[in-house]
Amino acid sequence: MQASLLAFGEWLQNRDYALAIATSDWAYPFVQATHFTGLSLWVGTTVAVDLSLLGIGNKHQAPAQLFDTLFIWNWIGFAIAITGGFLLFSASAATYVINPAFLTKLGILIPLALILHIVIQRKVRAWGQTANPPLVAKLASATEILFWFCVATAAVLIPYFA
């Protein structure tokens, strides 16, 4: 299995666009900045709604109203982050497919965090109509913040396993 992942990584990083990103003086930093911008938008809007469900932060509108305001920006940030992340991955794919921190981030943490994020989004209108959401909403929100913190930690650890 590891040999086929490595073969895929080598194939991907030898695509013209991946080579252009990896060898350019400006393309890699630009793609990285784009990825970080998308992550900031994604995680920022996610955490804002989670904190609102926890009763922290914006006291002028119910969590459901904040969610409605930020929903489109949340998913725009996600799309930007995924696009930038894939392009960064493709520039050094053979290294990433065998990196334990990357595999933990992409294979375990992001799927769990994303599933919980979607569950919260489906429930926030019911949970967030009042200033005091139910305990399950608070637990889900705190867990989601923890998951995204773990994703960020795994991302920071990637260079240490290279």
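1. A term first: a salt bridge here means a side-chain nitrogen of Lys or Arg within 4 Å of a carboxyl oxygen of Asp or Glu. By that rule the structure holds 1 salt bridge. The partners are Asp-68 and Arg-125, whose closest N and O atoms are 2.8 Å apart. The pair links distant parts of the chain, with Asp-68 in helix α4 and Arg-125 in helix α6, 57 residues apart. Asp-68 is partly exposed at 42% relative accessible area, and Arg-125 is also partly exposed, at 44%.

2. Please keep in mind that this is a predicted model. The chain has 7 helices and 0 strands. Its C-alpha atoms fill a box of roughly 55 × 30 × 25 Å along the principal axes. Of the 162 residues, 36% are buried. Among contacts between residues at least 6 apart in sequence, 79% join residues at least 24 apart.

3. Helix α6 deserves a look of its own. At its start, a side-chain oxygen of Asn-99 comes to within 2.9 Å of the backbone nitrogen of Ala-101. Further along, where does the helix kink? The kink, about 35 degrees, lies at Leu-109, shortly before the proline Pro-111.

4. What does α6 pack against? Its buried residues meet α3 (27–53), α4 (63–91), α5 (93–96) and α7 (135–157). Leu-109, the kink residue, is among those buried residues, and others include Phe-102, Lys-105, His-117, Gln-121 and Trp-127.

5. On to the aromatic rings, where the count comes to 11 pairs. Trp-75 and Phe-78 have ring centres 5.1 Å apart and planes at 75 degrees, so this pair is edge-to-face. Both residues lie in helix α4, 3 residues apart, which is about one turn of the helix. Trp-75 is partly exposed, at 24% relative accessibility.

6. Phe-89 and Phe-102 form a stacked pair, 5.3 Å centre to centre with 5 degrees between the planes. This pair links distant parts of the chain: Phe-89 sits in helix α4 and Phe-102 in helix α6, 13 residues apart.

7. One last thing to look for in the viewer: ring pairs link Tyr-17, Phe-86, Phe-89, Tyr-96 and Phe-102 into a cluster.

Terms used
Residues are numbered from 1 along each chain as its sequence is written. This is a predicted model: local features need pLDDT of at least 70, side-chain atom pairs count only at pLDDT 80 or more; totals for chains, interfaces and linings use all residues. Side-chain values use heavy atoms; hydrogens and water are left out. The bend at a residue is the angle between axes fitted to the seven residues ending there and the seven starting there. Helices (H or I, at least four residues) and strands (E, at least two) are DSSP runs, numbered from the N terminus. Buried means under 20% relative accessible area, exposed over 50%, partly exposed in between (1.4 Å probe, protein chains only). Contact means heavy atoms within 4.5 Å. A polar contact is a pair of N or O atoms within 3.5 Å; within protein, one must be able to donate a hydrogen and the other to accept it, and residues adjacent in sequence count only if both atoms are side-chain atoms. Rings of Phe, Tyr and Trp (its six-membered ring) pair if their centres lie within 6.5 Å; planes under 30 degrees apart count as stacked, over 60 as edge-to-face and the rest as tilted.
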